[in-house]
Amino acid sequence: MTSVLTEAALLESVPTGLLIDGQWRPAGSGKSFDVEDPATGKVLLSIADASAEDAAEALNAAVNAQASWAATPARVRGEILRKAFELVTERAEDFALLMTIEMGKPLSEARGEVAYGAEFLRWFSEEAVRAYGRYSVSPDGKSRLLVQKKPVGPCLLITPWNFPLAMATRKVAPAVAAGCTMVLKPAKLTPLTSMLFASVMQEAGLPRGVLNVIPSTSAGATTGPLIRDPRLRKLSFTGSTEVGRRLLADASETVLRTSMELGGNAPFVVFEDADIDAAVNGAMLAKLRNMGEACTAANRFIVHEAVAAEFAEKFAAKMSTMTPARGTEEDSKVGPLIDAKSRDKVHELVTDALAAGATAVLGGAAVDGPGYFYQPTILTGVKEGVRILSEEIFGPVAPIITFTDEDQAVRLANSTEYGLVAYVFTKDLNRGLRMGERLETGMLGLNAGVVSNAAAPFGGVKQSGLGREGGVEGIDEYLYTQYVGIADPYAA
Ligand code: NAP
């Protein structure tokens, strides 16, 4: 990995304007807003704050660029993505450091996200040339059926703060591959990585107007008019189920095509025959990656009563070595949560579970500031029905409940309106496959604590969302199918 800018030099290399029609420029209103380091509360940079008028200009640019971009050969689009993959990889250390200081995750994890995020650029550089259609003879032999895939058109991409690079590349890369133009609205808490990424896309040769970026402190007011504009053809949103529901309602006005990557409440099921050490290693990844601020984070540990004590003890021993510290520090294993509100919500859920009879075998409190740190925490004896089992924790807290048989494990795991991912640890392959069939989730980690992979379809069922990102499915979200009926070529 190369480029080792200091924090100050790195911040100087980040564009601070809006990217509209290939130009970085201030907000029309002249307004800007501060982006803070959650480990110190200090301001990192002040960047342009887009309004609805700026958003309209961004959409105009995307609409104007759409026809020529769609007509650009797929190979050319793919090679821009390939170049972008190389540039992000070359600047991996810069991207990692930027994510760490604006979002909080430890540097080692930020490096992992750079590799994961860049992989979407490489994967879709390869998929760009594979948007196949088909030609066939109709069953009665009297006509011919031509099926072709076409770009859906200008897209609005809205991303969350927890994976600042990967959530952007997971949308931008397939949209570029499919031939769509875009307006990207990053989260206001972590827009800097998206700005640096957009400048890399320019450097990779993306034509003006194809990608427009509008950070804003007024998400609803800025993007609402775009969602109602009939020239917009697609909304791809990653964020909370609550906001996703609202956007789906807005999108219904123009029957706008949507992809929704929403919240999760992942069950982590450990059977009595599991390799407990492997389950603990998986639990560390599924719980502590990103400080628990991941839609895929294990939210409920559902452990067979015969192994629950051993699992909790070994899990606590490992978790107790995870020292909270600013992500840039060598020994940082757990960074700060994103803001005071998130930290307080985590503590509220813990306090509620303790009041209902749970025991904190590790942690259970916030860490004194500066920064919004929370102690890695394990709760045992958690009772069914408490809030911590039904709400996304989004923090380094693991509640453990026990079960006695497979049916009960399935009932507990499925008792949520979410359905993003589940994790199952067992040595019995048949049981693992059976659980895959019985669990209502879009993804399953079988003896694995991480499932994210650019080559796999990521997404949920129930209120965790609609559509898939990554895999061969990912590009389809940005294509529509057109069928051409052709008269019998043998008819006189
Ligand atoms: P959020 O509050 O829903 O925000 C997500 C994005 O939507 C941000 O850019 C936000 O802008 C914007 N937004 C908020 N209100 C809006 C509105 N009325 N109209 C248009 N845009 C609006 O979620 P978050 O707190 O950033 O992210 C955490 C959530 O994302 C969790 O629920 C997590 O599970 C989910 N997530 C899901 C996946 C997945 O793939 N399924 C991946 C990562 C995260 P502001 O920044 O201005 O608020």
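The model is predicted. The chain contains 15 helices and 22 strands, and its domain assignment gives domain 1 (7–262 + 465–481) and domain 2 (266–453).

**Overall build**

- Taken along the principal axes, the C-alpha atoms of the chain fill a box of roughly 75 × 60 × 40 Å.
- Of the 492 residues, 56% count as buried, and the chain exposes about 19100 Å², of which carbon and sulfur atoms supply 53%.
- Among contacts in the chain with a separation of 6 or more, 74% come from residues 24 or more positions apart.
- The centres of domain 1 and domain 2, taken over C-alpha atoms, are separated by 30 Å, and the contact takes 26 residues from domain 1 and 28 residues from domain 2.

**Helix 10**

- Helix 10 runs over residues 276–288, and at 1.5 Å a residue its 13 residues should span 18 Å; the end C-alpha atoms are 17 Å apart, which agrees with that expectation.
- The N-terminal end of helix 10 is capped by aspartate 275, which places a side-chain oxygen 3.1 Å from the backbone nitrogen of aspartate 277.
- Just after helix 10, asparagine 290 takes a positive phi of about 60°.
- The buried residues of helix 10 are Ile276, Ala279, Val280, Gly282, Ala283, Met284, Ala286, Lys287 and Leu288.

**Threonine 169 in helix 6**

- Threonine 169 is found in helix 6, which covers residues 166–178, and threonine 169 counts as buried because its relative accessibility is 0%, where buried means under 20%.
- The side chain of threonine 169 reaches the backbone oxygen of alanine 166 at 3.3 Å.
- Leaving aside neighbours within four places in sequence, threonine 169 is in contact with Gly117, Phe120, Leu121, Pro174 and Phe197.

- Alanine 39 lies in the loop between strand 3 (32–36) and strand 4 (43–48), and with 7% relative accessibility alanine 39 counts as buried.
- Although alanine 39 and glycine 371 are 332 residues apart in sequence, their C-alpha atoms are 4.1 Å apart in space.
- Not counting residues up to four places away in sequence, alanine 39 touches Arg326, Pro336, Pro370, Gly371 and Phe373.
- Proline 370, one of the residues touched by alanine 39, is placed in the loop between strand 14 (359–362) and strand 15 (377–380), and the peptide bond leading from glycine 369 to proline 370 is cis, with omega near 5°.

**Histidine 347 in helix 12**

- Histidine 347 has its place in helix 12 (residues 340–355) and is partly exposed, with a relative accessible area of 31%.
- Not counting residues up to four places away in sequence, histidine 347 touches Gly364, Ala365 and Tyr374.
- The C-alpha atoms of histidine 347 and proline 160, which stand 187 residues apart along the chain, are separated by 22 Å.

**Loop residues with positive phi**

- Aspartate 21 is found in the loop between strand 1 (18–20) and strand 2 (23–25), where it has a positive phi of about 55° although it is not a glycine; at 26% relative accessibility, aspartate 21 counts as partly exposed.
- Asparagine 447 lies in the loop between strand 19 (443–446) and strand 20 (461–462), and its phi is near 55°, a positive value in a residue other than glycine; asparagine 447 is partly exposed, with a relative accessible area of 42%.

Definitions and conventions. Residues are numbered from 1 along each chain as its sequence is written. This is a predicted model: local features need pLDDT of at least 70, side-chain atom pairs count only at pLDDT 80 or more; totals for chains, interfaces and linings use all residues. Side-chain values use heavy atoms; hydrogens and water are left out. Helices (H or I, at least four residues) and strands (E, at least two) are DSSP runs, numbered from the N terminus. The expected span of a helix is 1.5 Å times one less than its number of residues. Buried means under 20% relative accessible area, exposed over 50%, partly exposed in between (1.4 Å probe, protein chains only). A polar contact is a pair of N or O atoms within 3.5 Å; within protein, one must be able to donate a hydrogen and the other to accept it, and residues adjacent in sequence count only if both atoms are side-chain atoms. Contact means heavy atoms within 4.5 Å. Accessible areas come from the Shrake-Rupley method with a 1.4 Å probe; for residues, only the protein chains shown count as cover. Domain bounds come from an automatic or database domain assignment.
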